[in-house]
Amino acid sequence: MSLAALCAALMFFGVVAYAIFAGADFGSGVWDLLAGDAASGGARRRQIDRSIGPVWEANHVWLIYVLVFMWTALPRAFAAMITTLFVPWLFVGLGIVLRGSGFAFRKFAETLSQARFYGAAFAASSLITPFFLGMIAGAIASGRVELLDGRHPDLLTSWTGPTSWVGGVLAVLTCSFLAATFLAADSHRAGDRDMANYFGRRALVSGLLSGAVAMIAIAPIESDADTLAGGLQGKAAPFVAISAVAGLFALWRLRARRYARARVGAVIAVAAVVIGWGVAQYPDILVDHAEISDVAGARSTLYGLLIVFAIAAVTAVPAMAWLFLLVNRRDWADDAPRAPSAG
Amino acid sequence: MVAVSASQLLAARDQMALSLGFHIVLSCFGVAFPTLIYIVHRRGLRGDSDALLLAKRWSKVAAVLFAVGAVSGTVLSFEMGLLWPGLMSRFGDVVGLPFALEGIAFFVEAIFIGIYLYGWNRLPPKVHLRTLVPMMAAGVVGTFCVVAVNAWMNSPSGFRLVTSADGTQRITDVQPLTAMFNNAVWTEFSHMFVAAYMVVGFVVAAVYAGGMLKGRRDRAHRLGFTVAFAVASVGALVQPLIGHIAGMRLAEHQPIKLAAMELATTTEHNAPLRIGGILIDGTVRAAIDIPGVSSLLARGWFNRPVPGLDQVPKADQPPANVVHNSFQIMVGIGTALVLFSLWFWWRRRRNRGTDRDLLTSRRFLRLALLAGPLAVVALESGWTTTEVGRQPWIVQGVLRVKDAVTPNGGIWISFTVTAIVYAGLATITYRVLRSMSRRWREHGEIDLPTPYGPPSTGGSNEVPNQREVPV
């Protein structure tokens with residue numbers, strides 16, 4: 001593996017992490033949207049709040065990580081990708097702003113109507129953002145992004161092909177599947193069995209839907225995205241298989257209401273399918289138009305990125321591990337403990 | 001790149017200016033607020049219950065501000081590519097390293113804000129307090145890295161431009177560390193870092209000054225004011241020195257920006273310090289000139305020449321009026337804040353042992369209330385000075401802004417949407433914070449329960465669920 005490919009792999013590691021962790025946060029927003037009216041949905045929204053509150057900002061940073069690694073390691077591919085897919089990126093940006101701020105505002109809302117307003121902004125943008133991110137992935141994977149070299153990209157057709165629609169729908173469904181599994185496991189740990197089963201049922205449904213859409217998607221991908229289809233059936237086939245097996249395992253455990261185990265299966269299923277996408281299009285960065293080595297940045301910078309990654313591995317990663325350990329402790333899963341003197 | 005219209009370019013610049021101008025205030029809170037919280041939290045753990053109360057409230061304010069800052073910062077990273085692909089495609093690998101390091105700082109900050117906010121009553125108190133330290137460190141590193149990129153745009157280094165036979169330019173010899181530790185980085189970083197502490201200090205102090213003006217004179221208000229004002233004062237006193245060094249550096253590395261700041265049309269020995277003034281058709285009008293002082297400040301002695309705008313063709317000159325006046329606003333406010341800080345501490349010292357108290361003086365409190373917004377104005381003006389002063393270049397002397405902008409149309413639309421969304425965000429942030437503060441006052445409670453559902457029984461005002469999420 002060349003130095004540039006190694007940096008691209010490190011960048012893609014961020015894509016996988018973002019898909020899992022931020023994906024679960026996005027999906028939680030989708031379930032927030034579907035939690036029902038204020039009377040019946042209150043407790044569910046509270047659980048969603050508890051689950052993603054401490055972690056969403058950290059999970060969100062993976063996107064920054066990906067963008068920065070991409071423009072540093074593969075600057076021309078980054079410029080082509082973001083300029084060609086200008087419109088969906090704008091929607092992603094808008095969605096991220098409304099989502100993060102809506103979530104924070106809701107927590108401190110004074111009245112129910114304000115909480116509903118901010119909550120609606122948070123929940124609706126949790127649906128929009130992964131959808132457009134999925135469309136962006138579909139556009140790149142189907143070879144619709146080429147290097148700029150002075151030409152005007154087509155701002156509409158570049159991201160509205162069949163593979164983009166598949167990408168958008170699958171992104172929303174897998175995020176919802178992940179989130180429902182996470183929420184079921186979190187509510188179970190907090191001792192709320194009814195809530196756990198509520199999300200468990202939804203995890204089962206969204207998991208089945210994800211699987212079904214993935215199967216149906218084979219046809220449009222075959223006709224629309226040759227390279228991707230070839231890769232998925234060829235060198236990436238093991239990952240597709242792992243994803244299928246892990247997905248089935250998750251569904252099996254969900255049925256048995258073993259939510260902690262189901263969560264492991266769901267994470268592996270989603271990670272494997274995202275890795276499969278990367279492997280299928282390797283060594284292309286912009287499918288059919290540019291290989292990683294064509295657009296790689298200066299070697300000195302690529303070495304620098306390896307060092308940055310090493311620094312992250314000894315600073316941010318242990319910190320993140322501690323955060324995840326804490327939020328998975330029982331006393332963090334539950335409501336606020338009230339110290340007698342805390343007021 | 002494809003040629004773009006002037007209107008298109010203006011829209012892109014406006015959108016960047018708006019997004020940065022918005023985010024820069026929130027990022028100041030990300031950098032400096034953890035330190036303020038640390039001071040009161042530490043005091044609180046040593047038995048000061050008012051200080052502990054402030055720490056708890058401030059951490060909730062931080063939760064809101066950091067969330068909005070996190071998303072507005074993300075928008076900027078999008079816009080680097082959406083608006084300026086010509087910069088990122090050519091120089092992404094030259095300046096990428098500080099960006100990547102900033103990413104780590106952002107990770108650390110986001111992780112520890114989560115741990116800190118949810119750590120109340122869950123982590124052992126000392127461990128909990130210490131989770132603020134990585135946030136403070138991330139503030140230093142993050143500021144350095146982001147400012148390093150801006151400093152590089154002002155003082156580019158760490159690469160070589162090679163023009164081939166067919167006239168195309170190629171970038172070789174990329175040295176990311178040289179680019180990161182460019183000539184401008186230390187002065188720009190320290191100037192911005194101190195500015196962050198000044199902005200947060202004066203704004204927080206202004207909030208408590210406002211409260212005391214309304215007659216809320218409890219100890220928590222006095223403590224909140226004094227801690228914030230003390231931090232701001234230290235910043236205010238150090239800042240002119242850093243600014244002066246930055247100005248001297250400009251004389252060497254970006255003389256045209258300095259010329260615009262000083263409104264110097266021609267290169268002069270004994271160059272005057274111009275107060276006020278506007279450049280109309282190449283002549284300076286309505287300025288008060290103090291002979292020799294500009295030479296003294298920028299070059300170290302009266303008779304040394306200060307470069308003028310005429311050193312470069314008109315097309316390469318920044319809009320001097322904007323640069324000059326924003327610079328003067330920054331320096332004017334900065335000077336006023338120094339005097340105001342000195343006055344406060346001198347009076348406080350003199351009043352010691354007497355029953356006189358500056359915090360009961362309405363005149364003083366009104367000035368303190370004004371100092372908060374003024375510090376923000378100074379921040380924005382300083383940033384305007386450095387950004388507009390670099391025009392028409394995005395990378396000084398290397399790449400023009402118009403050659404870096406996106407070829408895509410419709411930027412006016414995205415600019416308009418950005419303007420509407422940010423105006424809404426600013427309004428809501430302000431209103432949410434006001435409402436939190438009012439409820440804290442009315443109920444005396446720290447935890448503000450979120451109204452997820454309608455009141456549970458008989459429409460009473462009772463909180464729907466007694467057990468609530470923290471923060």
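Colleague: Is Phe144(B) buried or exposed?

Modeller: Phe144(B) counts as buried, because its relative accessibility is 9%. Buried means under 20% relative accessible area, exposed over 50% and partly exposed in between, using a 1.4 Å probe and protein chains only. Before we go on: this is a predicted model, where local features need pLDDT of at least 70, side-chain atom pairs count only at pLDDT 80 or more, and totals for chains, interfaces and linings use all residues. Side-chain values use heavy atoms, with hydrogens and water left out, residues are numbered from 1 along each chain as its sequence is written, and chains are lettered from A and ligands numbered from 1 in the order in which they are written.

Colleague: Fine. How many aromatic pairs are there over all chains?

Modeller: 52. Rings of Phe, Tyr and Trp (its six-membered ring) pair if their centres lie within 6.5 Å; planes under 30 degrees apart count as stacked, over 60 as edge-to-face and the rest as tilted. Phe144(B) and Trp186(B) have ring centres 4.9 Å apart and planes at 50°, so that pair is tilted.

Colleague: Where do those two sit in the chain?

Modeller: Phe144(B) is in helix α5 (residues 132-154) of chain B and Trp186(B) in helix α7 (residues 185-213), 42 residues apart, so the pair links distant parts of the chain. Helices here are DSSP runs (H or I, at least four residues), and strands are E runs of at least two, numbered from the N terminus. Trp186(B) is exposed, at a relative accessible area of 52%.

Colleague: What about chain B as a whole, how many helices and strands?

Modeller: Chain B has 13 helices and 6 strands. With a radius of gyration of 24 Å, close to the 23 Å from the globule rule for 471 residues, chain B is as compact as a globular protein of that length. That radius is taken over C-alpha atoms, and the rule is 2.2 Å times the number of residues to the power 0.38. Buried residues are 57% of the 471.

Colleague: Switching to chain A. What does Ile20(A) touch?

Modeller: Leaving out residues up to four places away in sequence, Ile20(A) touches Leu178(A), Val267(A) and Ala271(A), where contact means heavy atoms within 4.5 Å. Ile20(A) lies in helix α1 (residues 3-33) of chain A and is buried at 7% relative accessibility.

Colleague: And how many residues of α4(A) are buried?

Modeller: In helix α4 (residues 75-84) of chain A, 9 of the 10 residues are buried, including Phe78(A), Met81(A) and Ile82(A).
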